[in-house]
Amino acid sequence: MPAADAANAIEVHGLRKTFGDFVAVNSIDFNVGHGEIFGFLGPNGSGKTTTIRMLCGVIAPTDGGARVMGYDVCAESERVRENIGYMSQKFSLFQDLTVDENLKFYAGVYGLSDEKFAERREYILTMADLHGRETEMTGDLSVGWKQRLALGCATIHEPRLIFLDEPTSGVDPMARRQFWELLHDLAASGVTLFVTTHYMDEATHCNRLAFIYRGDIIAEGTPNEVKGALMRDTILQVEVDDGEGALAALEGSPGIGEAYMQGALLHVNIGERTAAEADLPGLLGPLGFDVRSVEPVEPTLEDAFVHLVTSQKGAST
Amino acid sequence: MIRMSWRRVRLLIWKEFLQLKRDRSMLPIIFIMPVLQLIMFGYVIGTDVRDIRTAVVDRDGSVESRLVIDGFTNSGFFKQVAAPATEAEMQTLIDGNKAQVAIIIPEGFSDDVHAKRATQIGIVVDGSDSKTASVASGYAGQVVASLGRQLYPSRLSASAGGVDARVRVLFNPTLRSVNTMVPALLAFILMMSTQMTMSQAIVKERERGTLEQLFVTPIGRAEYLIGKLVPYVIIATIQITLVFTVGTIWFKVPFNGTLLVMGSGLALFALTSLGIGLMVSLLSRTRYQAQQAMTFLMVPSMMLSGFVFPLESMPAVLYPLSYLIPLRYIVVVVRSNFMKGSGFSALWPQFAAMAIFAVVVFGFGLSRFRKQLND
């Protein structure tokens with residue numbers, strides 16, 4: 001069995017996908033080690049889902065290739081699909097089937113024996129807290145339950161690698177926390193997780209990250225390494241009466257790297273200068289803005305990604 | 001290359017039936033629609049018919065017999081398509097739907113006219129298409145009456161000519177329109193049901209995201225497709241059986257055909273319908289779009305297939321279009337088989353046409369299915 005011998009859970013080399021003239025994924029390379037929680041991040045339309053679909057053997061790459069759990073995604077796509085779990089943002093359960101019927105369906109699809117199914121069913125019902133709801137219609141469950149049931153169905157065959165495509169979008173913060181606890185439990189048992197998300201606080205749960213933008217991976221590493229791209233830059237958090245207006249005024253001002261809203265506050269990258277050198281109150285005050293506070297903050301992942309995307313845009317124009 | 005797991009196919013079929021059972025809008029459509037249509041279409045009134053395909057058996061071969069033939073063809077209602085020598089040959093033409101009406105002029109017809117004796121001509125009408133048949137027999141009566149006045153000018157009475165037309169209606173002596181509608185409805189309901197349900201089937205799963213999920217499991221494309229097709233074929237079979245039973249028992253439509261011929265015709269036609277439904281489902285982004293597309297496709301099928309309106313009443317410009325309507329061929333097959341018992345030997349051109357449609361349409365649907373999922 002080559003799967004057990006594979007050095008990495010996922011090995012991607014030169015993976016490329018084009019649709020006509022459009023390059024969705026531009027010859028990317030990366031590896032994901034066994035037992036890692038790997039975060040695959042990027043804005044919508046940047047190539048995240050296309051990459052996942054290629055790694056799951058659903059669509060064929062235009063060029064390059066990948067090995068998933070030791071199997072070639074092109075030549076052995078069926079083996080790949082037997083050895084992975086996949087859960088997407090849409091909770092693709094059958095809404096008009098009951099909880100039990102969904103479990104039975106996926107158990108059958110993965111060829112579980114009756115004894116194994118009984119054992120896994122019990123485990124999933126406990127994990128998803130669905131005891132007593134076995135005969136309820138899946139469509140009537142709350143979002144959090146649906147999400148945990150979807151995870152249960154995707155892992156009913158105990159895969160060693162799970163792809164999670166924006167698993168928490170549209171879920172309330174409480175349910176998101178519970179969900180991540182489940183993911184950490186899985187990771188602790190040695191399961192590899194490949195997660196896409198655009199919640200930056202979730203990205204910090206990952207051991208390693210790759211950031212994809214317009215088909216290219218523009219940053220890769222641990223969350224701290226990614227933030228390290230901003231090591232020498234200073235980020236200022238600014239409280240101002242008219243954030244939107246101040247943002248417009250700052251854009252294009254000399255020495256200002258990036259400026260963007262972070263909630264009600266303004267984040268401004270002033271490059272390798274100090275807050276005193278940049279003198280934002282002196283810049284904004286004369287323009288009629290009431291600057292209430294300015295303080296340097298530790299760069300967040302979000303700051304890092306805004307910086308990466310901005311510099312990427314600058315490079316391409 | 002394709003490894004099929006029947007266990008997975010069975011699971012997919014089980015799942016599809018569970019979903020159908022819970023779809024409140026589908027169940028009434030599946031079982032009430034066929035019976036409703038049977039009642040509605042069972043009593044459609046005939047329309048104007050021209051250029052009825054006519055075979056002429058001229059045993060007399062005289063000036064007078066020519067006059068009779070011209071009388072028919074000049075009326076515009078009849079168009080001579082063949083001149084068989086014997087009645088047996090004529091029968092074959094009618095069985096194969098080549099002729100709908102035959103005129104038989106007996107030997108000695110001209111002698112009778114010259115001797116001013118009363119005489120007879122035979123008119124045979126194919127009753128399996130009741131609208132054409134009833135119109136044809138009506139016209140034939142008129143033509144014969146005016147011929148009588150022409151050939152026996154000395155007779156004063158306009159109504160009592162010397163020519164007596166013996167109209168014999170084959171296969172459907174009572175000319176009940178329901179007798180021709182029920183067989184055609186078998187085909188029509190098969191088409192509606194398979195196209196409607198198939199066109200919704202895949203687009204529904206895509207809308208909900210379950211399609212995406214299924215293809216990251218070991219389920220293969222072929223397994224998925226069979227799992228989708230089989231339930232709808234089973235349902236269509238039940239519907240057809242329902243229409244057949246209600247038609248023959250309640251509407252008392254006589255069945256003179258063979259289940260083998262009718263069944264294989266319907267099966268071949270089902271492939272085409274499923275293929276069309278599949279294509280619509282793959283090309284549509286939403287279920288609503290698929291529904292609109294189906295309605296759009298349904299209209300020409302109703303109008304140009306001879307199912308509701310006889311092909312003969314169609315304007316000449318539109319007539320060639322009818323060859324592109326698969327329903328046209330199956331309607332002939334079920335009607336002829338149902339009422340006349342016509343077999344493969346008489347119906348092979350229709351079977352050939354349907355086979356071509358099935359291969360092209362279903363084949364295109366399959367290739368589209370592969371392509372769609374690879375991108």
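This is a predicted model: local features need pLDDT of at least 70, side-chain atom pairs count only at pLDDT 80 or more; totals for chains, interfaces and linings use all residues.
Colleague: Which residues of α7(A) are buried, and where do they lie around the axis?
Modeller: The buried residues of α7(A) are A:Arg176, A:Leu183 and A:Leu186. They cover an arc of only 75 degrees around the axis, so they lie on the same side of α7(A).

Colleague: What do the buried residues of α7(A) pack against?
Modeller: A:Arg176, A:Leu183 and A:Leu186 are the buried residues of this helix. Their packing partners belong to chain A and are β7 (161-165) and β8 (192-197).

Colleague: How far apart are the end C-alpha atoms of helix α7 of chain A?
Modeller: The helix has 16 residues, and at 1.5 Å a residue it should span 22 Å. The distance in the model agrees with this, as the end C-alpha atoms of α7 in chain A are apart by 22 Å.

Colleague: Which residue with a positive phi follows α7(A)?
Modeller: Helix α7 of chain A runs over residues 173-188. After α7(A) comes a residue with a positive phi, near 95 degrees, and it is A:Gly190.

Colleague: Which residue in the turn between β1(A) and β2(A) has a positive phi?
Modeller: Strands β1 (residues 8-19) and β2 (residues 22-33) of chain A run antiparallel and are joined by eight bridges. A:Thr18 stands opposite A:Val23 in β2(A). The two strands form a hairpin with two residues between them, and the turn residue with a positive phi, about 65 degrees, is A:Gly20.

Colleague: Which residues of α1(B) are buried, and why are they said to be on the same side?
Modeller: The buried residues of α1(B) are B:Arg8, B:Leu11, B:Leu12, B:Lys15, B:Glu16 and B:Gln19. They are placed on the same side of α1(B) because they cover an arc of only 135 degrees around the axis. On the other side of α1(B), the exposed residues are B:Trp6, B:Arg7 and B:Lys21.

Colleague: What do the buried residues of α1(B) pack against?
Modeller: Helix α1 of chain B has 17 residues, 6-22. Its buried residues pack against elements of chain A and chain B, namely α4 (99-109) of chain A together with α9 (221-250) of chain B.

Colleague: Which element gives the most to the side of chain B that touches chain A?
Modeller: In all, 19 residues of chain B are in contact with 21 residues of chain A. On the chain B side, the elements that give two or more residues are α1 and α8 (210-214). The one that gives the most, with seven residues, is α1(B).

Colleague: How far apart do the C-alpha centres of domain 1 and domain 2 of chain B lie?
Modeller: The domain assignment of chain B gives domain 1 (6-41 + 177-374) and domain 2 (52-170). Their C-alpha centres lie apart by 41 Å.

Colleague: Where does the largest share of the side of domain 1 of chain B that touches domain 2 of chain B come from?
Modeller: The contact takes twelve residues from domain 1 of chain B and nine residues from domain 2 of chain B. On the domain 1 side, α7 (177-208) and α12 (326-340) of chain B each supply at least two residues. The largest share, five residues, comes from α12(B).

Conventions: Residues are numbered from 1 along each chain as its sequence is written. Chains are lettered from A and ligands numbered from 1 in the order in which they are written. Helices (H or I, at least four residues) and strands (E, at least two) are DSSP runs, numbered from the N terminus. The expected span of a helix is 1.5 Å times one less than its number of residues. A residue is buried if 20 or more other C-beta atoms lie within 10 Å of its own, exposed if 12 or fewer, and partly exposed in between; C-beta atoms are placed from the backbone. The arc is that of the directions from the helix axis to the C-beta atoms. Two residues are in contact if their C-beta atoms, placed from the backbone, lie within 7 Å. Two strands pair if DSSP finds at least two bridges between them. Domain bounds come from an automatic or database domain assignment.
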